[in-house]
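Dear colleague,

I am passing on a structure that I would like you to look through, and my notes on it follow below.

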Amino acid sequence: MKWKRILKWSALAILVILFTWFEFVYWTSTNNCGRSIPSGAERMKAIRYCEYGSPDDVLKLEEVEKPTPNDNQILVRVRAVSLRFFDGGMLQGGVGRLVFGLRKPKNTIPGSDFAGSVEAVGANVTEFKPGDEVFGVRAGCLAQYVCVRRDGAVVSKPSNLSFEQAASVPTALVALQGLRDTGHVKAGDNVLINGASGGVGTFAIQIAKIFGAEVTGVCSTGNVDLVKSLGADHVIDYTKEDYTKGEQRYDVIYDLVNNHSFAERRRVLKSGGICVLAGVGGAGLHEETLSHVVGVFTAFLRSRFAKEKFVSFGVTFSTKDLGILRDLAESGKAVPAITKSYPLTESAAAYKYLQTGHARGKIVITVE
Ligand SMILES: NC(=O)c1ccc[n+]([C@@H]2O[C@H](COP(=O)([O-])OP(=O)(O)OC[C@H]3O[C@@H](n4cnc5c(N)ncnc54)[C@H](OP(=O)(O)O)[C@@H]3O)[C@@H](O)[C@H]2O)c1
């Protein structure tokens with residue numbers, strides 16, 4: 001009896017502590033939006049969001065303080081930013097609040113994949129010099145300038161790629177690492193890419209072809225031509241045909257949507273095949289996102305007891321892999337499929353399009 005009472009009161013105390021902690025963290029979660037720019041400081045234009053909400057309501061073109069690089073950073077004059085899956089959810093709040101800030105977004109400048117030219121370098125930087133054209137990944141880059149660590153995810157831009165193209169390349173890390181390191185795709189493999197027409201999928205088709213695979217892309221009717229034009233050997237229009245009901249068997253399913261059950265996907269995997277659990281559908285939080293997330297976990301757990309492996313993975317922003325992708329883009333073997341480009345002043349429209357979850361190829365914002 002005594003132990004029961006101790007347990008009951010302990011559980012209650014833990015709940016009260018957790019609730020108080022959550023309330024404290026929630027109400028102290030803030031950002032730098034109220035802060036004014038020190039007089040005499042250099043200014044730049046940036047897109048900012050101080051609250052969560054719809055792109056039209058929260059994305060504002062503002063003047064903010066221009067960043068200054070420290071000894072180990074480069075200052076990049078940003079020319080183009082491409083949007084990725086991540087950008088779709090960060091404005092919406094929801095569960096993303098656990099990552100981006102509970103009450104308000106912590107980092108108020110969105111954007112992560114950039115291309116531009118080096119304007120200044122810190123005292124210790126030997127890798128880059130002013131005037132170099134570069135691209136890479138750095139949170140908070142939807143602005144005229146961004147500081148990037150010398151050893152961060154940044155590499156030189158080939159001269160035959162535009163800034164828009166170069167800014168679109170980092171998304172391909174998801175395709176390269178998922179197909180190479182998780183899917184172990186090799187020449188002759190039969191590879192199916194579900195979600196083939198989006199930012200990642202359009203690169204995945206080309207990279208799977210480079211590895212020598214026979215590629216089937218799954219997309220909606222309006223994107224069949226795009227997927228074919230990028231090199232897919234076969235295209236399945238998911239509005240007319242369910243790939244899990246077909247006769248074809250695959251060595252690798254690279255699944256960017258996860259809208260089929262474990263059993264359905266296992267049926268079309270060859271014995272010992274691999275399903276790469278790469279994503280949960282189009283960018284942004286949608287009605288079906290939660291069921292796709294649950295589908296990822298269920299498939300992962302159920303495959304522990306099967307010959308076919310369902311493996312999840314997380315992208316790493318490796319400079320070495322960015323270099324590989326730069327070379328592939330420079331040689332024309334894996335090029336970004338940019339289908340929409342917006343000026344900085346129309347960033348909200350770009351985000352709204354991304355959040356539909358049906359982006360066609362890559363979306364780019366140019367920065368004047
Ligand atoms: N694992 C990682 O580290 C990592 C990193 C980044 C992104 N991701 C994942 O990658 C996924 C895709 O990202 P993204 O940037 O390519 O997104 P995106 O640019 O928003 O593209 C989404 C694509 O999904 C397609 N789609 C939507 N519903 C579909 C369905 N039922 N069947 C087939 N295709 C469907 C859309 O094609 P239609 O218009 O033809 O429907 C659209 O082209 C995301 O879910 C994200 O989770 C994973």
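In which strand is the place of Val154? Val154 sits in strand E7, residues 154-156, where helices (H or I, at least four residues) and strands (E, at least two) are DSSP runs numbered from the N terminus. This is a predicted model, in which local features need pLDDT of at least 70 and side-chain atom pairs count only at pLDDT 80 or more, while totals for chains, interfaces and linings use all residues. Residues are numbered from 1 along each chain as its sequence is written.

Val154 is buried, with 28 other C-beta atoms within 10 Å; a residue counts as buried if 20 or more other C-beta atoms lie within 10 Å of its own, as exposed if 12 or fewer do, and as partly exposed in between, with C-beta atoms placed from the backbone. Leaving out residues up to four places away in sequence, Val154 touches Val134, Gly136 and Val148, contact being defined as C-beta atoms, placed from the backbone, that lie within 7 Å. Gly136 is 18 residues from Val154 in sequence, yet the two are 4.2 Å apart in space, C-alpha to C-alpha.

On the overall layout, the chain is divided into domain 1 (35-170 + 317-366) and domain 2 (171-312), with bounds that come from an automatic or database domain assignment. Taken over C-alpha atoms, the centres of domain 1 and domain 2 are separated by 27 Å. The contact takes 30 residues from domain 1 and 23 residues from domain 2. On the side of domain 1 that touches domain 2, the elements that give two or more residues are helix H3 (85-90), helix H11 (319-330) and helix H12 (347-355), and H11 gives the most, with 5 residues. The residues of that side divide into 12 nonpolar, 11 polar and 7 charged, where Ala, Val, Leu, Ile, Met, Phe, Trp, Tyr, Cys and Pro count as nonpolar, Asp, Glu, Lys and Arg as charged, and the others, Gly among them, as polar.

Turning to the ligand, 31 residues surround it, and the closest are Gly198, Gly199, Ser220, Gly279 and His358. Helix H7 (199-210) and strand E9 (214-219) are the elements that give two or more residues to this shell, and the largest share, 3 residues, comes from H7. The shell divides into 14 nonpolar, 15 polar and 2 charged residues, and it draws at least three residues from each of domain 1 and domain 2.

Two helices deserve a look. In helix H6 (residues 172-182), 9 of the 11 residues are buried, so this helix is largely enclosed by the rest of the structure. What covers the buried residues of H6 includes H7, strand E11 (250-255), strand E12 (269-277), strand E13 (309-312) and H11, and H6 is followed by His184, whose phi is positive, near 50°. In H12, the buried residues are Ser347, Ala348, Ala350, Tyr351, Leu354 and Gln355. They cover an arc of only 160° around the axis, which puts them on the same side of H12, the arc being that of the directions from the helix axis to the C-beta atoms. Just after H12, Gly357 takes a positive phi of about 80°.

With kind regards

Note on methods:
Near = placed C-beta within 6 Å.
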